[in-house]
Amino acid sequence: MTVDQTDPTNEPWEYAPSTQSTDVVDIASRYGLWIHGEEVDPASGSYFATTNPATEDRIAEVASGDRVDIDRAVKSARSATKGWASLPAAERSKYLFRIARLVQERSRELAVLESLDGGKPIKESRDIDVNLVAAHFFYYAGWADKLEYAFAGLDPKPLGVAGQIIPWNFPLLMLAWKVAPALATGNTVVLKPAETTPLTALVFAQITAEAGLPPGVLNIVTGAGDTGAALAAHDGIDKIAFTGSTAVGKNIQKVAAANNTRVTLELGGKGAHIVFDDAAIDQAIEGVINGIFFNQGHVCCAGSRLLVQESIRDVFLDRLRTRISTLRVGDPLDKNTDVGAVNSKAQLARIEELVAAGKDEGNDWFQSDCALPSDGYFFAPTVFTDVAQSSRIAQEEIFGPVLSVMTFRTAAEAVEKANNTPYGLSAGIWTNKGSRILWMADRMRSGVVWANTFNKFDPASPFGGYQESGFGREGGRHGLLPYLESGVA
Amino acid sequence: MSITHTSTTEPALNLGAATNREILAFLSTVPPVDEVGASERVALFKSRSIKADAKMAALLLAVQMMDLTTLQGDDTPGKVRQMAAKGIRPDPSDPTVPPVAALCVYPSLVPTAVEAVANTSIKVASVATYFPSGQVPLDGKITEVENVVAAGADEVDMVINRGAFLRGDYRAMCEEIVAIKKACGPAHLKVILETGELGNLDNVRRASVLSIACGADFIKTSTGKISEAATLPVTLVMLETIREHFANTGQHIGMKPAGGIRSAKEAISYLVMINETLGPQWLSPDLFRFGVSSLLNDVLMQIRYLKTGHYQGADYFTKD
């Protein structure tokens with residue numbers, strides 16, 4: 001735009017595109033499996049395409065691993081357990097520190113690839129995901145030689161081979177959450193990345209090779225749901241860790257029970273933001289925005305239900321309406337994009353279906369009037385107001401940029417409504433009153449309770465759910481336990 | 001004169017008749033500010049990547065929003081005339097660079113400034129009310145304001161009585177602003193909160209609410225005379241107060257961060273913050289000013305860089 005010197009307000013100031021260059025990342029046309037420290041062809045010889053959800057363009061072909069490949073990977077991991085577990089713990093630390101540093105060195109490359117393959121805004125992959133990945137490896141590198149102090153007198157020992165299945169919403173971060181504690185505790189790993197977002201895991205495999213990680217300690221088998229099912233059902237694994245949908249989690253639990261495999265599950269959620277009338281309203285608005293529109297709402301601990309005290313309902317919704325109109329939706333690689341692309345066509349269809357259901361139920365709603373790109377999978381930030389507790393959009397996880405707003409009158413009612421869900425992963429409490437924060441936090445049936453903030457992650461802090469949100473904790477000292485044989489675990 | 005609640009439909013308080021106790025009760029209904037949350041919001045504004053055309057537009061707009069300021073004991077008419085020339089034609093080699101918004105000077109230099117910018121678009125602002133401390137009785141402040149307006153100042157930058165505010169005598173603080181507003185007549189009133197002396201963002205919001213209710217046309221962060229001057233979080237809280245006032249009354253209040261803004265990059269962060277907090281309507285010198293003494297040359301340097309592709313040394317930009 002040009003500035004009219006007499007009246008600079010006659011044209012809006014548009015931010016010019018500021019697109020992150022993709023030169024930093026070198027993408028192969030085809031990726032094999034990562035087994036025993038090298039890239040190998042899949043037994044079936046078949047590959048599938050991974051696409052950029054913002055453009056629908058094919059990025060690369062990735063190996064489709066099957067039962068035979070899983071078996072090969074598990075055998076490789078088994079063969080490496082003895083050597084890895086018997087290394088002096090301080091030596092294991094060194095590998096993890098090395099990996100953490102390499103992640104930092106290649107952070108821009110990993111961030112760009114994460115945004116290309118998964119659709120999340122570059123400002124998030126760059127400022128949040130990749131930083132937390134490195135932090136997680138640094139953190140668990142520190143624990144590796146202190147396990148005897150962490151669990152004094154309990155003689156902690158590794159389990160052996162850990163099977164790990166991770167989702168598409170935070171591909172590399174979920175890898176870090178699973179791989180770092182498993183390796184720190186002396187286990188070896190077979191990891192199955194999500195079908196739509198395998199690329200950063202495959203670059204990570206190269207990083208472990210660069211770090212000199214012994215062959216077999218980390219194996220990566222890409223593929224779809226069948227590949228994951230084959231891993232979960234393999235009787236050669238000692239533990240299965242899964243992050244993903246509740247339906248798949250339940251299946252995994254059945255299979256694991258049959259094989260006597262240990263299980264931890266991190267599943268869905270329908271987190272509640274509870275905003276009291278004495279809250280710092282402008283900051284609560286930001287928290288609510290971050291809680292549901294961060295990563296397009298593809299966050300298991302998203303604050304997808306807003307419980308706002310009835311006395312401030314009107315003013316809160318007014319401000320929310322204004323605020324969502326300033327969210328910039330579009331090209332994930334533009335540094336000014338706030339909300340990127342929905343991860344896949346299937347997920348977009350799921351969001352559209354639930355939003356249609358919400359409208360059919362007669363709920364009021366409003367939506368950002370932002371322009372959406374013509375190609376790719378995008379969904380405008382959407383808010384349903386005065387939603388009934390019984391509504392589908394209040395009960396089911398949408399996993400998209402859609403917020404359901406309800407009201408409450410008293411703290412007791414807020415607790416009752418917030419807990420009235422089969423899930424139990426996260427909650428946010430917004431009040432200026434310290435004693436009320438503690439009173440509420442005591443009563444929230446959710447693994448994480450944030451007070452006057454939301455979606456804050458730190459490797460030192462355990463994360464996990466209640467009920468249909470799963471069990472087991474990742475992060476912190478608690479995150480070591482699921483990978484240890486000990487007097488308590 | 002009435003105070004309208006910043007967020008809900010509470011009955012308005014008539015300030016003229018309000019006791020201090022009533023003002024205090026009213027202030028307790030102003031929503032609190034979470035400092036951590038405000039800082040996080042600001043970090044997002046700073047992370048916006050403003051390039052190419054958008055950057056050029058921002059830089060030119062920033063020039064038009066500047067109150068070029070000199071407030072020193074050794075100010076002279078010569079110094080003010082120099083500053084005026086710079087303000088009229090910031091970059092003599094580039095006529096596309098617009099003039100600044102105003103000159104801001106001490107009362108004794110108002111006549112010089114008025115004469116120096118005669119027949120230009122540039123306004124003259126004078127600090128008053130015994131800037132920067134404001135520690136004199138009210139009648140002295142009123143006389144000073146009447147004098148600068150009579151001398152031709154278009155805008156008056158007053159300081160609030162922080163002593164009164166901090167000891168809880170809100171009525172005294174408000175009475176002063178009301179009296180000064182009256183003394184301003186047609187001149188625009190900018191009310192300086194001196195946020196570095198208010199201690200926290202809750203107080204910034206309260207002082208903003210009261211200043212607006214008492215008739216401020218602009219609210220301004222700082223005198224520039226203490227080390228903690230304008231910051232992005234402080235400005236954000238003031239902008240949010242302005243936004244709520246606009247939502248409740250439809251009235252546009254202006255904002256002026258002052259002191260400590262020295263780089264073009266920082267100035268652009270402020271523009272991003274206005275754009276995303278109050279909207280494009282506020283991206284105008286009528287509603288937003290930068291109180292600055294050394295920002296202009298950095299902005300000019302960036303403008304020339306965008307046009308030529310390389311930076312030029314400080315000696316290629318005039319020092320007034």
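Student: Which residue of β16(A) is the bridge partner of A:V308?

Tutor: In this predicted model, the bridge partner of A:V308 in β16(A) is A:T407.

Student: What makes strand β13 of chain A and strand β16 of chain A a pair?

Tutor: Two strands count as paired if there are at least two bridges between them. Strand β13 (residues 305-309) and strand β16 (residues 402-408) of chain A have five bridges, so they meet the condition for a pair. The sense of the pairing is parallel.

Student: How do you know that helix α14 of chain A packs on the sheet, and which strands does it touch?

Tutor: Helix α14 (residues 411-419) of chain A touches β12 (272-275), β13, β16 and β17 (426-430) of chain A. Touching here means C-beta atoms within 7 Å. The direction of helix α14 makes about 145 degrees with that of β16(A).

Student: Which strands of chain A make up the open sheet, and in what order?

Tutor: The order of its seven strands is β14-β15-β16-β13-β12-β17-β18 (chain A), and the pairing is mixed.

Student: Why are β14 and β18 of chain A said to stand at the edges?

Tutor: Each of β14 (364-367) and β18 (448-451) of chain A has a single partner strand, so one side of each lacks a neighbour in the sheet. On average, neighbouring strands of this sheet are turned by 20 degrees against each other, direction ignored.

Student: What is the order of the eight strands in the open sheet of chain B?

Tutor: The order is β9-β8-β7-β6-β5-β4-β3-β10 (chain B), with parallel pairing. At the edges stand β9 (254-256) and β10 (290-292) of chain B; each has a single partner strand, so each has one side without a neighbour in the sheet. From one strand to the next, the twist averages 25 degrees.

Student: What makes β7 and β8 of chain B a pair?

Tutor: Strand β7 (residues 188-192) and strand β8 (residues 218-220) of chain B are joined by three bridges in the parallel sense. The requirement is at least two, so the two strands pair. B:V191 stands opposite B:I219 in β8(B). Helix α4 (residues 77-88) of chain B packs on the sheet, where it touches β3 (66-69) and β4 (102-105) of chain B.

Student: What makes a residue of chain B count as buried, and what share of the 320 residues does?

Tutor: A buried residue has 20 or more other C-beta atoms within 10 Å of its own. Of the 320 residues of chain B, 54% count as buried.

Student: How many residues of chain B are in contact with chain A?

Tutor: On the chain B side there are 32 residues, in contact with 25 residues of chain A. The elements giving two or more residues to the chain B side are α2 (35-46), α3 (52-64) and α11 (264-277) of chain B. The largest share, eight residues, comes from α3(B). By class, this side has 15 nonpolar, nine polar and eight charged residues.

Student: Where are the bounds of the two domains of chain A?

Tutor: Domain 1 covers 30-267 + 467-485, and domain 2 covers 272-451. Their contact takes 19 residues from domain 1 and 24 residues from domain 2 of chain A.

Definitions and conventions:
Residues are numbered from 1 along each chain as its sequence is written. Chains are lettered from A and ligands numbered from 1 in the order in which they are written. This is a predicted model: local features need pLDDT of at least 70, side-chain atom pairs count only at pLDDT 80 or more; totals for chains, interfaces and linings use all residues. Domain bounds come from an automatic or database domain assignment. Two residues are in contact if their C-beta atoms, placed from the backbone, lie within 7 Å. Helices (H or I, at least four residues) and strands (E, at least two) are DSSP runs, numbered from the N terminus. Axes are lines fitted to C-alpha atoms, for helices over the stretch in contact, and angles run from 0 to 180 degrees between N-to-C directions. A residue is buried if 20 or more other C-beta atoms lie within 10 Å of its own, exposed if 12 or fewer, and partly exposed in between; C-beta atoms are placed from the backbone. Ala, Val, Leu, Ile, Met, Phe, Trp, Tyr, Cys and Pro count as nonpolar, Asp, Glu, Lys and Arg as charged, and the others, Gly among them, as polar.
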